[in-house]
Amino acid sequence: MKKVTGLGDSPTPGLTAPSAYRAAVIGTGFMGRVHTHAVRASGGEVVGVAGSSPGKAEDFRAAHGLPRAHADALELIHRSDVDVVHVCTPNHLHAPLSQAALAAGKHVVCEKPLATDAETARSLTQAAHEADRVAVVPFVYRFHPMAREARAQVAAGAVGRVGLAHGGYLQDWLLYPQEDNWRVDPEIGGPSRAFGDIGSHWCDMLEFVTGDRITAVSAQTSRFNDHRGEGGGRAVTTEDLVTFQFSTAGGAVGNAVISQVSPGRKNQLVLEVSGTEGSLRFDQERPETLWAGGRDRTGVVSRDDPGLSPDAARLVTLPVGHPQGYQDCFNALVKDTGAAVAGGDPEGLPVFADGLRAAVLAEAVLESARERRWVDVPPVESRTGH
């Protein structure tokens, strides 16, 4: 089986999913619904679901018209009619369920974070490599056509040598102290919340678009709410927001703001990259266009541009005026996962090595904030495993 294309490889346009993609979905929340839709939209079949309780699994099965609900996730994983296991559970279950799926010879799509610590993420990446399985982490914003166009333009030298990158990822769903969630608990969500949950997406986009790697960070973390839940609730130890500076292997510098407590901001991921010849700006809440600036003129690139790069064009599935969005990105990710399972080599598919990269970055950010100093980010081999 071919390995999935890594950072900086050439695009392979026109890939199609295989005729059979039999998936198990573990998790019945929002992400379970998104993955179920994506499997079906890409031509696959969800053969069963498992949840945190038999009742939740059965409710999900009935709501989505699935053939089976399982009380035991391991029973579902080991079914002979399951090819790919989609892990859509709370974070602390990602690693054990992914490990069980790999041990059973299944391909895996595991929600991020791949693991709540880098050592475990590294062992999972190695396990996927040794099992020769396709193992994917859904950094799905890569699948916006205009994010791919930004990547192609940077690679082609359209902005010159990149010297600055900045932006952030802002949400407000945890603004108030009465708002609580399992992600707040470090035993379930892991030691990093805002960065681990959404900052990882921003860093993945930065490195994917620029083809460069963050090598050092200087970070601060903070909380709006030290207690959460009704009536004073419980003490909070994970961060509500992160700000950080960084430098890259290619000599660029930059900064980002990551927040889950910014009033009015629902899901704003913005990345701006500036080089010696021009700048590009991608806004996930306005994904139909890419802003392109230069000294002499500025403009907007739309996804119906006739000069769109092949890798961006292959992800355009609707005419302009019919907006593509978040679910379309997931559909494309699952389609490319299916192509990889069938032996193809889809461009830019995020894999377990990318999940390991996110875990390494999260630990560096937390160390920097805790010790109030610059911290070097250890390198991660981009081609470890599939």
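1. Two strands pair if DSSP finds at least two bridges between them. Keep that in mind for the strands below. Note too that this is a predicted model.

2. Start with strand β4, residues 84-87. Which way do its side chains point? V84 and H86 point one way, while V85 and V87 point the other way. In a regular strand the side chains alternate between the two faces of the sheet. Buried or exposed? All four of these β4 residues are buried.

3. Now look at the partners of β4. Strand β1, residues 22-26, pairs with β4 in the parallel sense, over four bridges. Within β4, V85 is the bridge partner of A24.

4. Strand β5, residues 107-110, also pairs with β4. The sense is parallel, and there are four bridges. Here H86 stands opposite V109 in β5. How does the chain get from β4 to β5? The chain crosses through helix α4, residues 94-103. This β-α-β crossover is right-handed.

5. Next, the cysteines. A disulfide is a covalent bond between the sulfur atoms of two cysteines. How many disulfides does the structure hold? Take C110: the nearest cysteine sulfur is that of C88, 8.5 Å away. The cut-off for a disulfide is within 2.5 Å, and C110 is in no disulfide. C110 has 0% relative accessibility, so C110 counts as buried.

6. C329 is in no disulfide either. For C329, the nearest cysteine sulfur is again that of C88, 16 Å away. Why does C329 count as buried? Because its relative accessible area is 2%, and buried means under 20%.

Technical notes: Residues numbered from 1 in each chain as written. Predicted model: local features only at pLDDT ≥ 70, side-chain atom pairs only at ≥ 80, totals over all residues. Heavy atoms only, no water. Buried < 20%, exposed > 50% of the residue type's maximum accessible area, 1.4 Å probe, protein only. Helix = DSSP H or I, 4+ residues; strand = E, 2+ residues; numbered from the N terminus. Right-handed = clockwise from strand over helix to strand, strands pointing away.
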